[in-house]
Amino acid sequence: MSFLIESFMAITWQQLVMFGVGILLMYLAIAKNYEPALLLPMGFGAILVNLPFSGVLNQNIEGIGEVQGVIQWLYEIGIEASEAMPILLFIGIGAMIDFGPLLSNPKMFLFGAAAQFGIFFVIVLGVVFGFDLKDAASIGIIGAADGPTSILVSQVLKSNYVGPIAVAAYSYMALVPIIQPLAIKAVTTEKERKIRMTYNPAGVTKFLRIAFPVIVTLVAGFIAPTSIAIVGFLMFGNLLRECGVLNSLSESAQNMLSNLITLLLGITISFSMKAEVFVNWETILIMGLGLIAFIFDTVAGVFFAKFLNLFSKEKINPMVGAAGISAFPMSSRVIQKLGQEADRQNFLLMHATGANVSGQIASVLAGGMILNLLPTMLG
């Protein structure tokens, strides 16, 4: 009974806030079906790590000595020491992606690049708001709309805000169907949203599908060598999909591997959601900056499409540019839905999918470029 009283007395208001955050994340996962594979374990983990004297964290027990907590152990070996969990997840992501729509319309590569603008804008903004460069860069990468890349970059850079960055990245990914329509409608007219695009897929040969992940890996290795871990594993997963001789491994990567790593990653990242480091004004500011990065990525993609339309005979629906973020496949589905709302005969899914998978490549390259350039900038 005395220990029970001691536990209740040890609870701080910050821990109560984190219980609320955990419950909110679980609510979004269960009731709203927002990224449930990740938000559910993150939410439950946030409760686990904030319980007084929690056994999931390392602690010294009188008469026994130091006892290793399972979540802290997973964090130390799977994220802090090797970044293995977020990197391994890219194998599964790569196995899920069909680059066919992109290869049949290479112009969509441009939208993947344009829609990373918010990352670099928020890095500058973060420095203005007083974050040091490594933390500002880690916050900016939230705009990649790619949770594993956000976790990896913030961890490699030894950011002080890994937890808030992970929560922001995955929360905004989950909220793509809400955030993107608002941002897109704010910068487009109904006439622009009604623009129809014809889809005439050029022949994408099996050889091209197999060669593509190899070529991307080689190019990334020269442009941003630090990105090779994430780009290489992403492309290796895609090679499993396209080679045609490892179908069972491709299916395992898409299902068992992805699900297991996502589950473990979600509950493990909760280690960085301890109340004493999570509940502060910086977390609120990070959530705000992350939202700005996300919105500016979307808007930049739209405006780049409008810019191309100044020189193109066949007009591009500006909404397709917004799909250049990395939130695959949610963003492309959002664009298709908005196109159908404007014109029931408007089918934009394949164009948006091409831009969307381009954004997946661009986001990991952007993360790699930040990891490459930042040590030089820090001198």
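Q: How many of the 13 residues of helix H11 are buried?
A: This is a predicted model. A residue counts as buried when its relative accessible area is under 20%. H11 is largely enclosed by the rest of the structure, because its buried residues number 13 of the 13.

Q: What span does H11 reach from its first C-alpha to its last?
A: H11 has 13 residues. At 1.5 Å a residue, the expected span is 18 Å. The helix comes close to that value, reaching 18 Å.

Q: Which helices do the buried residues of H3 pack against?
A: Helix H3 covers residues 36-50 and reaches 21 Å, close to the 21 Å expected. Its buried residues include Leu38, Leu39, Met42, Ile47 and Val49. The buried residues of H3 pack against H2, H4, H11, H16 and H17.

Q: Is lysine 158 buried, partly exposed or exposed?
A: Lysine 158 sits in the loop between helix H10 (147-156) and helix H11 (162-174). Its phi is positive, about 55°, although it is not a glycine. Buried needs under 20% and exposed needs over 50%. Lysine 158 has 49% relative accessibility, so it counts as partly exposed.

Q: Which side chain of opposite charge is nearest to lysine 274?
A: Lysine 274 lies in the loop between H16 and H17. Leaving aside neighbours within four places in sequence, it is in contact with Val49, Asn50 and Leu57. Lysine 274 is buried yet has no salt bridge. A salt bridge needs a nitrogen and a carboxyl oxygen within 4 Å. The nearest side chain of opposite charge is 4.5 Å away, and it belongs to glutamate 276.

Q: Which residues outside its sequence neighbourhood of four places is alanine 366 in contact with?
A: Alanine 366 is in helix H21. It is buried, with a relative accessible area of 4%. Its C-alpha is separated by 8.1 Å from that of isoleucine 141, 225 residues apart along the chain. Leaving aside neighbours within four places, the contacts of alanine 366 are Ile119, Phe120 and Ile141.

Q: Which helix gives the most to the nonpolar patch?
A: The surface patch covers about 440 Å² and is made by Ile215, Val219, Ile223, Met369 and Leu373. Helix H14 (206-223) and helix H21 (349-378) each supply at least two of its residues. With three residues, the one that gives the most is H14.

Q: Is valine 219 buried, partly exposed or exposed?
A: Valine 219 is found in helix H14. It is one of the residues of the nonpolar patch. At 42% relative accessibility, valine 219 counts as partly exposed.

Q: How many salt bridges does a search of the whole structure find?
A: Side chains of opposite charge can pair when their charged atoms come close. A linked network of salt bridges takes in Asp98, Arg209, Arg241 and Glu242. Over the whole structure, the number of salt bridges found is nine.

Q: How many residues apart are glutamate 192 and lysine 306?
A: Glutamate 192 and lysine 306 form a salt bridge, with closest N and O atoms 3.3 Å apart. The pair links distant parts of the chain. Glutamate 192 is in helix H13 (residues 190-193), lysine 306 in helix H18 (residues 281-309), and the number of residues apart is 114.

Q: Is lysine 306 buried, partly exposed or exposed?
A: Under 20% would count as buried. Lysine 306 has 22% relative accessibility, so it counts as partly exposed.

Q: Which residue forms a salt bridge with aspartate 343?
A: Aspartate 343 is in the loop between helix H20 (330-342) and H21, and its partner is in the loop between H13 and H14, 147 residues apart. Aspartate 343 is buried, with a relative accessible area of 15%. The closest N and O atoms of the pair are 2.7 Å apart. The partner of aspartate 343 is arginine 196.

Q: Is arginine 196 buried or exposed?
A: Exposed means over 50% relative accessible area. Arginine 196 has 51% relative accessibility, so it counts as exposed.

Terms used. Residues are numbered from 1 along each chain as its sequence is written. This is a predicted model: local features need pLDDT of at least 70, side-chain atom pairs count only at pLDDT 80 or more; totals for chains, interfaces and linings use all residues. Side-chain values use heavy atoms; hydrogens and water are left out. Helices (H or I, at least four residues) and strands (E, at least two) are DSSP runs, numbered from the N terminus. Buried means under 20% relative accessible area, exposed over 50%, partly exposed in between (1.4 Å probe, protein chains only). The expected span of a helix is 1.5 Å times one less than its number of residues. Contact means heavy atoms within 4.5 Å. Patches are made of residues with over 30% relative accessible area and no salt bridge: like charges are joined within 9 Å, nonpolar side chains (Val, Leu, Ile, Met, Phe, Trp, Tyr) within 5 Å. Accessible areas come from the Shrake-Rupley method with a 1.4 Å probe; for residues, only the protein chains shown count as cover. Lys and Arg count as positive and Asp and Glu as negative; His and the chain ends are not counted.
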